[in-house]
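I opened this entry to log what I looked up, in the order I looked. Short notes follow.

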Amino acid sequence: MGNDGGTIATQRSYVRGAKLIKKDAKKAADTTEGRQEAMKTCALSGSALNYKTDVIVACPYGRLYLKEAVVKCLLRRSQSASMDGTSSANEISHIRGLKDLYAVKFGSSCQCPVTGQDLSSGSLPCFVISSKKASKLERNVLSEKALKQMGLDSLQEDFGPFTEHDIVHLAPTTSELEKMKVAMMFKRENKAKAKNEKKKRKAGDKGNESLKFSKKSQVAPINNSLKPSKRSHNAASIAQATVASAVAQNPVLSSLFSKDSTLSEKEKKDKLFATNGR
């Protein structure tokens with residue numbers, strides 16, 4: 001700091017009073033003024049939010065951002081490792097990408113579309129519905145009173161389909177934020193676990209298919225040459241029919257092969273030799 005080769009204060013943690021600022025920020029989150037400021041300023045750039053013209057998004061922690069500011073920070077983080085540990089990188093360390101950003105639309109009046117309450121006052125809890133349908137509406141931020149009075153089932157027609165997991169608390173208090181962090185951690189762990197199990201099942205199915213195929217290939221092929229062909233069967237039938245016809249036309253042969261013949265075996269042989277000698 002004093003040109004003596006010591007530590008250069010490039011991080012907020014080295015700045016005098018930084019810990020006090022962090023503590024004051026936590027206290028501010030639990031006050032009406034602090035929540036009002038959180039509802040009206042970008043959590044990354046500190047710029048004021050214009051509900052009418054700005055594209056505003058929220059993260060899983062319920063913090064509000066100018067979409068342009070957070071997207072630029074995500075791009076810089078992906079392109080440069082030098083951002084690791086900086087205040088801006090730490091601010092969005094829980095945001096993995098655009099899939100963790102939800103469109104927030106207050107409308108021109110910044111009022112709850114159900115109760116008409118002012119959502120920017122910071123005096124009442126409000127929630128954004130992060131479903132695909134709700135993100136395309138003119139307003140998708142509701143007050144806590146609207147959620148309790150209407151119930152999730154009654155809001156499905158206008159904002160659904162969505163579940164309680166699609167509702168994100170905006171500008172939460174410190175205690176509420178801690179609960180949200182724990183819930184998000186379990187949600188991501190369960191999702192990763194389910195994804196790994198799905199991969200294992202797919203790998204197991206492929207292994208079973210290859211095993212079945214190898215077993216089929218090991219079965220000895222049937223030797224068709226051992227089977228009597230249709231051609232040889234037809235030839236035998238024709239030969240049998242020819243012999244039968246010849247026996248029927250020749251009285252000598254007929255008497256030899258007839259079951260009712262009374263000739264002895266010697267007499268049959270004598271007649272057969274006599275026939276062949278003709």
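Is S121 buried or exposed? I found S121 buried, because its relative accessibility is 18%. The cut-offs I used: buried is under 20% relative accessible area, exposed is over 50%, and partly exposed is in between, with a 1.4 Å probe and protein chains only.

**Ground rules.** I am working on a predicted model, where local features need pLDDT of at least 70, side-chain atom pairs count only at pLDDT 80 or more, and totals for chains, interfaces and linings use all residues. Residues are numbered from 1 along each chain as its sequence is written, and side-chain values use heavy atoms, with hydrogens and water left out.

**S121.** I placed S121 in the loop between β3 (102-104) and β4. Strands are DSSP runs of E with at least two residues, helices are runs of H or I with at least four, and both are numbered from the N terminus. I then checked polar contacts, meaning pairs of N or O atoms within 3.5 Å; within protein, one atom must be able to donate a hydrogen and the other to accept it, and residues adjacent in sequence count only if both atoms are side-chain atoms. The side chains of S121 and S123 make one at 2.8 Å. The S121 side chain also reaches the backbone oxygen of D118, at 3.3 Å. For contacts I took heavy atoms within 4.5 Å. Leaving aside neighbours within four places in sequence, S121 contacts T32 and Q36.

**The sheet.** Next I traced an open sheet of three strands, in the order β5-β4-β6, with antiparallel pairing. Which strands stand at the edges? They are β5 (141-143) and β6 (167-170); each has a single partner strand, so one side of each is left without a neighbour in the sheet. From one strand to the next the twist averages 35°. Helix α6 (residues 144-159) packs on this sheet and touches β4, β5 and β6. The direction of α6 makes about 140° with that of β5. Axes here are lines fitted to C-alpha atoms, for helices over the stretch in contact, and angles run from 0 to 180 degrees between N-to-C directions.

**Pairing.** Two strands pair if DSSP finds at least two bridges between them. I noted four bridges between β4 (residues 126-129) and β6. Here I129 stands opposite I167, and C126 stands opposite L170. Three bridges join β4 to β5. On that side V128 has V141 as its bridge partner.

**Faces.** In a regular strand the side chains alternate between the two faces of the sheet. From β4, C126 and V128 point one way and F127 and I129 the other, all of them buried. Both faces of β6 are covered too: I167 and H169 are buried on one side, V168 and L170 on the other.

**L170 and the core.** I counted a nonpolar core as buried Ala, Val, Leu, Ile, Met, Phe, Trp, Tyr and Cys residues joined through side-chain atoms within 4.5 Å. Which residues touch the most other members of the largest one? They are L64, V104, F106 and L170, out of 44 residues. Not counting residues up to four places away in sequence, L170 touches M39, A58, G62, L64, V104, F106, C126, V128 and V141.

**T163.** I found T163 in the loop between α6 and β6. T163 is partly exposed, with a relative accessible area of 41%. T163 and S130 are 33 residues apart in sequence and 9.6 Å apart in space, C-alpha to C-alpha.

**E176.** E176 sits in helix α7 (residues 174-218). E176 counts as partly exposed because its relative accessibility is 27%. A polar atom of the E176 side chain lies 2.9 Å from the backbone nitrogen of T173. E176 and Y61 are 115 residues apart in sequence, yet 9.5 Å apart in space, C-alpha to C-alpha.

**Whole chain.** The chain has 10 helices and six strands. Buried residues make up 26% of its 278 residues. Of the contacts with a separation of 6 or more, 57% link residues 24 or more positions apart.
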